[in-house]
Amino acid sequence: MSAREDQGFPGWPRGRARRDDGFVEESAGWMPSWEDARAAGGSGAPPGERSGQPPGERSAAPPGNSSGPPAGERSAAPPGDGSRDPEQPPWSFRRHGPGRWTRGTGPLRRAREDRLVGGVAAAIAARIGRDVTTVRIILVVAAVLSWGFVAGAYVIAWLLIPMAGARHSLAGRALADRRGLGLVAALWSMLIVLGVLASAFKAGWLGSLLWPLAVVGAGLILIWRNAPADEQAMMRHQVQPLLGLTTGSRRTGLILRLTVAVILLAGGIAALQSAHENVALLRPLAGVALLISAVVVLLGPWWLRIARDLVVERQARVRAEERADIATRVHDSVLQTLALIQRRADQPQQVVALARAQERELRSWLFDGRPPGSIDEAMTLAGGVRLIQQEVEAQHGVAVEIVMVGDCPLDDDLAALLAAAREATVNAVKWSGAGVVSIFAEVEPKEVSVFVRDRGKGFDPETVPADRKGLAESVRARMARRGGQATIRSAPGEGTEVSLTMPRAVSEPSQA
Amino acid sequence: MSPAEPASGGARPRVFIVDDHGLFRSGVRSELGHDVEVVGEADDVAPAIALISESLPDVVLLDVHLPGGGGQAVVSALKPEHPEVRFLALSASDAPEDVIAVIRAGARGYVTKTISGAELVDAVQRVAAGDAVFSPRLAGFVLDAFATGAGPPGPPLDPELDQLTGREREVLRLIARGYTYKEIARELYISVKTVESHVSSVLRKLQLSTRHQLARWATERRLA
C-alpha cells in the first residue's frame with residue numbers, strides 16, 4: 001500500500017480512507033456506501049467486553065491481549081496510549097470512538113456513546129466501577145420512589161458533568177443563554193399557574209410533582225439549546241421513536257388531538273351537568289375559569305412569543321449547520337487536495353489526476369447537489385459511471401476519461417454491469433501502466449454496453465498470468481449471471497479493451 | 001479532401017492560439033514545439049478576429065469559452081471572408097451544447113484541453129490538411145445528438161443530412177471507445193482514408209443538418 005491511501009483522501013468520508021484498497025478483489029456488492037465503512041471502522045467494543053472485566057485485570061491488557069479492544073480500534077489509538085493510567089477503568093475509554101481516546105482527565109465524564117439518556121449513568125458506573133446496567137436500574141427505581149427528585153438530580157448532573165472529550169460542561173454555556181433562561185422562566189410561570197390550580201383543587205400529589213417537573217423541564221430546555229451539534233444529533237436520535245407517535249404523520253397527530261379534545265369535552269360537560277344542582281361547587285369552578293383566563297390573557301402573548309423564538313432559533317441553527325457542512329466539505333476535499341498537490345508538486349501526473357478528481361467532485365456537489373460517492377435511488381447509469389471515474393481517480397491517481405451516450409435508470413442488471421466495469425477499470429489502472437483509462441458507455445434501446453480501454457502494456461490472452469485470468473473469469477461470471485456478455489481483447493504493447501454488454505430489461509427508448 | 005499525409009512535407013502549419021488564459025496559451029505554445037509555427041495569440045473575441053484576419057494562419061486553436069461571446073463568435077465572423085482558415089476547438093468544459101455550437105459555426109473538430117502535446121500536434125496537422133478531428137468526447141456527443149431512439153417531432157427534412165449511416169455510427173463508436181483512425185481502419189477492414197471520409201461526412205452533417213433535434217438536444221443538455 002502506498003502512502004497515499006493512508007492519508008485520508010479528499011472528499012471521501014474518513015471512514016473509507018481507512019479501508020484497504022483491496023476492494024476490487026472482494027467487491028461482492030456494488031459500491032459500498034459509506035455507512036458500511038463507518039460500521040466497519042467506527043463501532044465501539046462489543047457489549048460483553050465492557051463490564052465483564054474484573055478490576056484486577058485492568059492493567060493487564062497490553063496490546064495483543066485477546067481481552068483488549070479489537071485490533072481495528074487499537075490501531076487508531078495515539079502512540080502514547082501504552083502509558084495510560086492503570087487506575088483508569090478500561091471501560092471508561094473503551095467506549096469512546098476511535099480517535100477520541102481521551103484518558104478521562106477529570107474524575108467524571110459523561111459517556112459519549114454508551115448512553116441511554118445523558119450518559120450520566122455510564123459516568124457514575126465508570127467512576128464507582130460497577131456495571132452500568134445496575135446503576136441505571138437503581139437510578140430509575142430511585143427516581144420513582146423519590147417522586148422525581150432523582151430525575152431532577154440526573155438532569156442537573158447532565159448539565160454539570162462535561163461530556164467525555166469536552167472541556168466544559170453544558171451549565172457554563174446555559175448560563176449565558178438568555179433566550180433559554182427566558183424559556184425556563186416561561187415554563188416556570190406555567191408551572192406556578194398549575195401549582196396554584198393544584199392547591200385550589202387540593203391536589204397535593206400534583207404539587208409535590210411540580211418541583212421535579214420544574215427542574216427537569218428547565219434542565220432539558222437548557223441542555224437541548226446548548227448541547228453541541230453531535231450531542232444534539234444523538235439526542236434527536238433517541239427522541240425520534242417517541243416523537244414518531246405524534247409527528248410521525250400529521251393525520252395520526254390530528255386524530256390523537258381530536259380524541260383527547262372530545263374526551264375532555266365530554267368529561268367537562270358531564271361534570272358540569274352532574275354538578276348543576278350544587279351551586280356551591282360551581283363557585284370555585286367559575287373562579288378557576290376566571291383565573292385561567294386571567295393568566296392566559298396576562299402571560300399568553302409572552303408564551304407565544306417565546307415559542308416563536310424557539311422556531312426562529314431552530315431555523316438559525318439549521319442555517320448554521322448548513323454553513324458548517326460546507327466548511328467541512330471544503331476542508332475535507334478541497335483543502336486536502338490542495339495540500340496534497342503542494343506535496344506532490346514534483347509528480348505532475350498525480351497532480352493532474354488530483355486536480356481533475358477534485359474538480360469533478362466539486363462540480364457534482366455544486367451542480368448536482370449530490371455528495372460525492374453516494375448512490376441514491378434516483379441514480380442513473382451515467383451517474384454510476386461518473387462515480388467509478390471519481391473513485392478510481394481519487395484512489396489510484398490515474399485519469400479516467402468517460403464518454404456517455406444516452407442514459408437510463410439503474411436496475412440490478414445494470415448495477416452488475418457497473419460493478420464489472422469498475423472491476424475492469426481498476427484492473428486496467430493497476431496492471432496496464434497506462435496514464436489514462438477510457439470508459440465508453442452507450443445506452444441503446446435493447447442493450448447497454450460499456451467499454452473499458454487502456455493503452456498500456458497489454459498481454460497475450462494465451463499466456464495470461466493466473467491473477468489476470470482470475471479477473472477475466474470474475475468479470476465474465478458476473479456478467480453471465482445476469483445474462484450479459486464480457487469479452488476481453490488484448491495484445492502485448494497494444495493495451496487492453498474489456499467489452500461488456502447487458503441486455504435491457506425494459507426496452508424503453510434511450511433518452512437522447 | 002486532401003490525402004492523408006498531413007503537412008509533413010516541410011511546410012509546418014501556421015497556428016494561432018485564442019484562449020483567455022495566458023498560462024494556457026504559453027503551455028500550448030511550448031507543447032506544440034517545433035512541429036508547428038505559432039504565428040500569434042489572442043485572449044478575446046475582438047482582438048482574435050482582428051489579428052487572425054491579418055496573419056491568416058492555417059489553423060486557429062480556439063477556446064470554446066471566451067469572455068467576449070464564446071468561440072463561435074470568432075468562427076462566424078471570420079468564416080465568410082476567410083474560408084481557408086480552419087478552426088480546431090479546444091475546451092476544458094464538458095458542456096456539449098457549447099462544443100456543438102462551435103462545430104456548427106464551422107470548426108473542423110474538437111479536442112479537450114487535457115490532450116497530450118503529441119496528440120495536439122497530430123490534430124493540428126490533420127485539421128490543416130482539411131480533415132476533421134473528433135475526440136472520443138465529441139464522437140459521444142454526436143452519437144447522442146443523432147440517437148435513433150428519440151426522433152425529431154416532424155419528419156426529417158433531409159434524410160441525407162439528418163441521419164448517420166450505419167458505417168458512420170460504427171466509426172464514431174470506435175472513436176468514442178478511444179480507437180485511433182488507424183485502429184479503426186484495421187478493425188473495420190477499411191483504409192484510413194475511408195475512415196477520414198466518414199468522419200468528414202459526419203462533420204458535414206453536424207454542421208449542415210437542420211434537424212430540430214440538434215438544437216433541442218443542446219437545450220435539453222443544458223438543463224440536464
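A residue counts as buried if 20 or more other C-beta atoms lie within 10 Å of its own, exposed if 12 or fewer, and partly exposed in between, with C-beta atoms placed from the backbone. This is a predicted model, where local features need pLDDT of at least 70, side-chain atom pairs count only at pLDDT 80 or more, and totals for chains, interfaces and linings use all residues. Residues are numbered from 1 along each chain as its sequence is written, while chains are lettered from A and ligands numbered from 1 in the order in which they are written.

**Exercise 1.** Work out which residues of H4(B) are buried.

*Solution.* Start with the helix: helices (H or I, at least four residues) and strands (E, at least two) are DSSP runs, numbered from the N terminus. Next, list them: Pro96(B), Asp98(B), Val99(B), Ile100(B), Ala101(B), Val102(B), Ile103(B) and Ala105(B). Then step just past H4(B), where Gly106(B) has a positive phi of about 135°.

**Exercise 2.** Find the residues that touch the most other members of the largest nonpolar core.

*Solution.* A nonpolar core is a set of buried Ala, Val, Leu, Ile, Met, Phe, Trp, Tyr and Cys residues joined through C-beta atoms within 7 Å. The largest has 110 residues, and Leu62(B), Leu88(B) and Ala89(B) are the ones to pick. Helix H18 of chain A (residues 412-431) gives the most to this core, with 10 residues. Another core, of 26 residues, lies apart from it and includes Trp158(A) and Ile161(A).

**Exercise 3.** Describe chain A in numbers.

*Solution.* Count elements: 19 helices and 5 strands. Then check burial: 28% of the 512 residues in chain A are buried.
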